Amino acid sequence: MSGRAQLMWDEEVTGYDFGAGHPMDPVRLALTMGLVQAYGLDRAVRVVAAKPAGESTLRLVHGQEYIEAVRRASAAPEAADGSYGLGTIDDPAFAGMHEASALIAGQSVGAAEDVWRGEALHAVNFAGGLHHAMPRGASGFCIYNDPALAIARLLELGAERVAYVDVDVHHGDGVQAAFWDDPRVLTISLHEHPRTLFPQTGWPEEAGGEGAEGSAVNLALPAGTSDAGWLRAFHAVVPELLAAFRPQVLVTQHGADTHVEDPLAHLAVTVDAQRAVAESCHRLAHEHADGRWVALGGGGYAVVDVVPRSWTHLVAIAAGRPVEATTVVPEEWRQEVYRRTRMDAPRRMTDGREPDWQDFHEAGYDPADRLDQAILATRRAVFPHHGLLP
């Protein structure tokens, strides 16, 4: 099985459910897996259900007191009072919260283990990507930080250089915090500017702790950034840094909430651009990490129109069976969507946009353009630490 793509899936991950009306509706996970199956992609990958992350694994990132608090809130959610971020509007406590969160974390950790050991070349956990959870607290719909746990496990197994690229619309603050002082981990986050979006962090000046300067990279995009700007920004920062850092494994987070239809943010990206970035991450993993690629989901609250298509493209790319953008969505899946949500599903795997962007190096820098100002601010903050010209 070595060299094949792997999809981490256990239907019980849909138990990560904050309740009716919460934006993080677990139907998005079920619908994504349904679309993956409708295209037969589950036969092009090895589908694996890893065990939940145990306490010793959770302690690689999270404090013991916090883990115990999650267990208590999980057993008695009505008693959660906001301590450790549990029982808040963003992170309501629910029965079985610890078990569901540990299961999602276990899928990401299992993906990292199998990629590192050569059991798989690429591994996808679209239920993961819960990047806001802090070592000692829940935050932003995230209880356990599965990307950070996957990276910590890679380090425990002997990895010396791990790169993390996060293209969720929100700053990957929890992963950055976990490795702030660790030069073995390069965290790159492209996100909406902290002036206009939670968690109000991710400024370009946040570049890593003492002894790890340049290991945290933040590209804060102006609200309203669309496909051309998003792709220009990605390619102006990520490839050069990965080439300089030479990661042994690439971990990526593919929150779909950059989309123009997402109700919680203000970028204007399409599924087509999201697919293009997934393709770029795949290529960069082969160019700089011997193909070792762990790909995670993340945010995304247009749960019918956007998330299933975006993450099905991600799975297809990892499987080496990319789905053409103009492909008609299988009718049986559309019927299942309507049955479960009473919403009409999209008819094609595209938003009708062919991604087009101008290269930052070839097209030149426009000092009056807010996007180019953001790109240059990030390059100036971190590129010299890697021996690169800003």
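What volume does the largest pocket have? The largest pocket has a volume of about 280 Å³. A pocket here is an open set of points on a 1 Å grid over the protein atoms alone, where a 1.4 Å probe fits, with protein on both sides within 12 Å along at least five of seven lines; lining residues have an atom within 4 Å of a point. A volume is the space filled by probe spheres set on the points.

This is a predicted model, in which local features need pLDDT of at least 70 and side-chain atom pairs count only at pLDDT 80 or more, while totals for linings use all residues. Residues are numbered from 1 along each chain.

**Largest pocket**
- Its lining has 13 residues, and His193, Arg195, Ala220, Arg370 and Ala374 lie nearest the centre.
- Helix 12 (residues 370-382) gives the most to this lining, with 4 residues; helices are DSSP runs (H or I, at least four residues) numbered from the N terminus.

**Second largest pocket**
- The second largest pocket has a volume of about 230 Å³ and is lined by 14 residues.
- Nearest its centre lie Glu11, Thr14, Ala30, Leu31 and Arg340.
- Helix 1 gives the most to the lining, with 6 residues, and helix 10 (331-341) supplies at least two.

**Helix 1 (27-38)**
- Gly40, with a positive phi near 75 degrees, follows helix 1.

Note on methods
Side-chain values use heavy atoms; hydrogens and water are left out.
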